[in-house]
Amino acid sequence: MVSLESCFETKAGDFTERGCSLLGCRVVVCGQVKNVVHLVHSPIGCAYYSWDYRMDTKGYCFTTDMNEIDIVFGGENKLLKAVLLAIEEFSPDAVFIYETCSTSIIGDDIQAVAKKASDLTGIPVIAFNCAGFRGKSQNFGHRIANLGLFNIILDGERKEMVNTVNLIGDFNKKDSEILERLFGEIGIKVICTFTANATIDKIRDMKNAELNIVMCSKSSIFLAELMEEKYGIPYVELNFFGLDNCCKSLYKISEYFNNLNVEEVIHENMSWIKMKIDKYKNILEDKRVFICHGAQRAIYWIKPFEELGMKVVGIATHFGGEIPNFDGLVVDNLSSDELEKILEKVRPDIVVSDDKIRHLVHKMSIPFFNGRGQNRGYSGFEGFLNFAKDVGETLNAKLWYLARDFGGFNV
Ligand code: SF4
C-alpha cells in the first residue's frame, strides 16, 4: 500500500479542492430534507454549487445576494425579509439559514434572525453557523448540520416504538428505498432515513426508534452520539454494500431485536442473486478499478468489487480520515491535475466517482461509472445486482474503445 498525504489538515494557501463547511452542512446533510427552503446568507457565489452534486434533491435554494452596501451596513434586515418572503411564497415546513464567510465576518446574527422569524410565523427556522472558514473541510459542516437538526428531534416527548430503527448517513433516495424494503422483510420499520427521505416530521420522530444504524460515520455519527446521550438510543455502524457486508449487517441487527426472520431473508435473497451476478462475471473478472469518492463509498466498496472478481488498485478521497487496509494506492486531498497524473500512471480499466471528475476521466477515454447511482440504489441484495449490472454495462460499452482509437474525447 502506498499512502500519499492521507488525512492531513488543509493549510492556508493550499490549492485544495475540498468542499467548505457550507457545502458539508447544506449540500451533503441538510439538502435532502423535503419541503424546506434553503436560504444561503451570502453573495451569490456561495450558492453557485447548489444541487448538481445531489441530483435527486428537489428543494428550493436561494441566496440573500449580499452586495457591497449590505456588507458595509449589515444584512440582518435583508435576511429577515428573505425568510418571511420564502415562507409566504412557498409555505415550507421549515426554513434553513446558512451563514457564509462574508456574513460571519461582518457579524450578522443569524440565530437572532431565525428566532425572530420563527416567533413571527410559527414555522421552524433553523440557522446553521457553517461559514466556510470554520473547519478544515466540509466535515465540520456535517457536525454543524447534525447539531442544528438535533434541535428538531428535541421537540416533543419520546414515545418508544418497538422494532424500529433510523438509518443515519444515507443520502441516496434509491438506496434508502431499497433498504426500507429489506428492513420491512426482516420485520423492522425505518422511522427516518437521515437525510435521504427525511422530512421535518420524520426527523422529529427519530427519537422514538429503538436503534440507530449509522451508514456514514464521517457525516452523521455525531447525531447518533447526541441521541445516545440524550435518549439512551444505542447505535451501530453498518454498511449494506455487497453481499458479505449486507449479510453481516443483517445478523448484527438481529442481535438487537427478538424474532427477526434474518436467516430466512438472507437465504431467500442469496438463492437468486448469485445466479444473476454470475452473468456479469466474465465482463468484470480481473478488471482494475480506481475509486474516487467520499470515505464511505471509497472504503465500503473495496469488498463488493472483490466479490465481482475485480481488483481495486487505488482510492482517492477529498478528506479521508482513515487509511483502508488494502494493497493499492491511497491518496487524499488531491487536485484534478494530480488525479490526472495518477490515472495516467495507474491506467485502471474503470474509474468510479461522482460527477465532479466525470469530464476529466471522459477525456482520458477511461470507462467512467457514477457511483452515486442517481437512478438506482446500490445497497442491499437488490442494489448489488444493480451495481454489477451498471459496472458491467459501463465496461462493455463500445464508446470507450472507439474514443481510445480516435485519441480521446477531446480531439
Ligand atoms: S468558503 Fe466561504 S466564501 Fe467560499 S463558498 Fe464556502 S462559505 Fe462561501
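Strand β4 (residues 94-99) runs parallel to β5, and 4 bridges join the two. This is a predicted model, where local features need pLDDT of at least 70, side-chain atom pairs count only at pLDDT 80 or more, and totals for chains, interfaces and linings use all residues. Residues are numbered from 1 along each chain as its sequence is written. Helices (H or I, at least four residues) and strands (E, at least two) are DSSP runs, numbered from the N terminus.

**The parallel sheet**

- β4 and β5 belong to an open sheet of 4 strands in the order β3-β2-β4-β5, with parallel pairing; two strands pair if DSSP finds at least two bridges between them.
- The edges are β3 (60-63) and β5 (125-128), each with a single partner strand, so one side of each has no neighbour in the sheet.
- On average, neighbouring strands of this sheet are turned by 20° against each other, direction ignored.
- As background, strands of a sheet pair through backbone hydrogen bonds, either parallel or antiparallel.
- Helix α5 (residues 110-121) lies across β2 (36-41), β4 and β5, and runs at about 175° to β5. Axes here are lines fitted to C-alpha atoms, for helices over the stretch in contact, and angles run from 0 to 180 degrees between N-to-C directions.

**The nonpolar core**

- The largest nonpolar core has 113 residues, and L39, V83, V95, F96, I97 and F128 touch the most other members.
- Such a core is a set of buried Ala, Val, Leu, Ile, Met, Phe, Trp, Tyr and Cys residues joined through C-beta atoms within 7 Å.
- Leaving aside residues up to four places away in sequence, V83 touches L39, V95, I97, V113, A117 and V125. Contact means that the C-beta atoms of two residues, placed from the backbone, lie within 7 Å.

**The chain as a whole**

- The chain has 17 helices and 14 strands.
- Its radius of gyration is 22 Å, close to the 22 Å that the globule rule gives for 411 residues, so the chain is as compact as a globular protein of that length. The radius is taken over C-alpha atoms, and the rule is 2.2 Å times the number of residues to the power 0.38.
- Along its principal axes, the C-alpha trace spans about 65 × 60 × 35 Å.
- Of the 411 residues, 47% are buried. That label needs 20 or more other C-beta atoms within 10 Å of a residue's own; 12 or fewer makes it exposed, in between is partly exposed, and C-beta atoms are placed from the backbone.
- Among contacts between residues at least 6 apart in sequence, 68% join residues at least 24 apart.

**Backbone spots to check by eye**

- For context, most residues other than glycine have a negative phi, and most peptide bonds are trans.
- The peptide bond from F194 to T195 is cis, with omega near 0°, and T195 lies in strand β7 (residues 189-195).
- N259 isn't a glycine, yet has a positive phi of about 60°. N259 sits in the loop between α10 (243-254) and α11 (262-284), and counts as exposed because it has 8 C-beta neighbours inside 10 Å.
- D286, also not a glycine, has a positive phi of about 65°. D286 is in the loop between α11 and β10 (288-292), and its 8 C-beta neighbours inside 10 Å make it exposed.

- I302 is in helix α13 (residues 302-307), and counts as buried because it has 21 C-beta neighbours inside 10 Å.
- The C-alpha atoms of I302 and F290 are separated by 10.0 Å, with the two residues 12 apart along the chain.
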